[in-house]
Amino acid sequence: MKYVFFHLVFILLLFGAYRLVSDKPFMPAEVELSVFDADHYISIKDTGYHFNPSRQSNVAFFPAFPYLWKITGLNATGISLLNIVIFSLSFSILARKFSFTWQEQLLLLSVPSMFFMYVPYSEALFFALCVLLLLSLEKSNNPVTVAGGFFLTSITRSAANIFLPAILLTEWIDNRFRKWQNIIFYSLACLAGIALVAYIQYWQTGYAFGFIQTQQYWEHKLQWPKLRFTSWGQYVWLDAAAFLFGVICMYISAEIVLKFRRNFNDFTKSKALVFSVLCIAGLTFLSLIMKGGSFFSLNRYIFPSAFFCIAFVFMLRLARAGFKTLGYIFLVLVLFFTLFHFFVHISLILKYIILSLYLCMYFLLNHKNAGLSKSIFWLLYICNCILQVYLANEFLDEEWVG
């Protein structure tokens, strides 16, 4: 918990300095916090669900977070502070149970997209419930607590379409379906969550599955991805980085499911890790086939999540390379990111070159030169924190981040 506290104090100081330099009040106004999806949560909290078949409707958002907000009676500032508390406690539990080092904790906390934990979004609540789910899978493996985690997460966010195949594959990898009763129990828990959401929305709008129908107005439909890949707003590189992480998870998933090689035998001993990687892989695959090559919000769905924390630490512990190998990795990354710029403009190319260099720095965290490793760590942490504060303020200025 002390490293979470350290990070929050450091971020608060950076945030205050940024607001002071920008001639803005330290505490964001209610209107600054109530933007984008927060506005939909507010409408659910205040007036309930509504559905219009011809445009975007708030039925796309699940009820757990707006109902929690309603029960607390807090304003946008208050629920943001509560989100910080929820995230801090749940992250501390996750870090302790999975033995994250203090460097790993600070790097995770400083991931730029983690600022979504500090605004009136469902990310913090979903994170906490996913921690419950992962701990149940990893430690107790009690079917009741696992099923409870699936039910609660399924009424917080539309995740059952990813969770169901992920838990099926996890159980197959772990025990070859010998515990088939658990699979039925988990599936019923997910479906029960979806059924409850459908009932609430039917009761208030007359449509049971409006949350599916309204997705077309967010451009969610089965379609071929178009090159070059894009996103909303100016922070395409954030979603590009998330897509890269998702592709790596897709590769690992293929390795462990299809048994191409036995590189990941130790990996499969952790059900929480397997499930986390499969969830990220599934989310990335769905984004690829459902969004037509526009990866808007992918960074928000992947990075500020308990699944990312587990998968990132696993990959971070394996990430090491000599300088020659690092040169090859850099070239591969630059080529990968051409999917997002296709040499459209020199400024875009430079952004992705810088992003590739930044990602290569993570391979030096385990370098045999302890001084270099330590310097790289603090450089990454400070840069991440500065970017986290900058993106938070962009969000408050109604710039689309994710």
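Is Lys 271 buried or exposed, and at what relative accessibility? Lys 271 counts as buried, at 6% relative accessibility, where buried means under 20% relative accessible area, exposed over 50% and partly exposed in between (1.4 Å probe, protein chains only). This is a predicted model, in which local features need pLDDT of at least 70 and side-chain atom pairs count only at pLDDT 80 or more, while totals for chains, interfaces and linings use all residues. Residues are numbered from 1 along each chain as its sequence is written, and side-chain values use heavy atoms, with hydrogens and water left out.

**Confidence**
- The protein chain has a mean pLDDT of 92, and 98% of its residues reach 70 or more; pLDDT is the predictor's confidence in each residue, from 0 to 100.
- Confidence is highest in helix α6 (residues 102-109), at a mean of 98, and lowest in helix α11 (residues 210-213), at 83; helices (H or I, at least four residues) are DSSP runs, numbered from the N terminus.

**Salt bridges**
- The count comes to 9 salt bridges, each a side-chain nitrogen of Lys or Arg within 4 Å of a carboxyl oxygen of Asp or Glu.
- Asp 174 and Lys 271 meet in a salt bridge (3.9 Å, N to O).
- Asp 174 lies in helix α9 and Lys 271 in helix α13 (residues 271-290), so this pair ties together parts 97 residues apart in sequence.
- Asp 174 is partly exposed, at 31% relative accessibility.
- Glu 104 pairs with Arg 317 in a salt bridge, the closest N and O atoms being 2.8 Å apart.
- Because Glu 104 lies in helix α6 and Arg 317 in helix α15 (residues 306-318), the pair ties together parts that are 213 residues apart in sequence.
- Glu 104 counts as buried at 7% relative accessibility, whereas Arg 317 is partly exposed at 39%.

**Helix α9**
- The 16 residues of α9 (residues 160-175) should span 22 Å at 1.5 Å a residue, and the end C-alpha atoms are 22 Å apart, which agrees; the expected span is 1.5 Å times one less than the number of residues.
- Buried residues of α9 include Phe 163, Ile 167 and Glu 171.
- Seen down the axis, the buried residues of α9 fall within an arc of 160 degrees, so they line one face of the helix; the arc is that of the directions from the helix axis to the C-beta atoms.

Methods: Helices (H or I, at least four residues) and strands (E, at least two) are DSSP runs, numbered from the N terminus.
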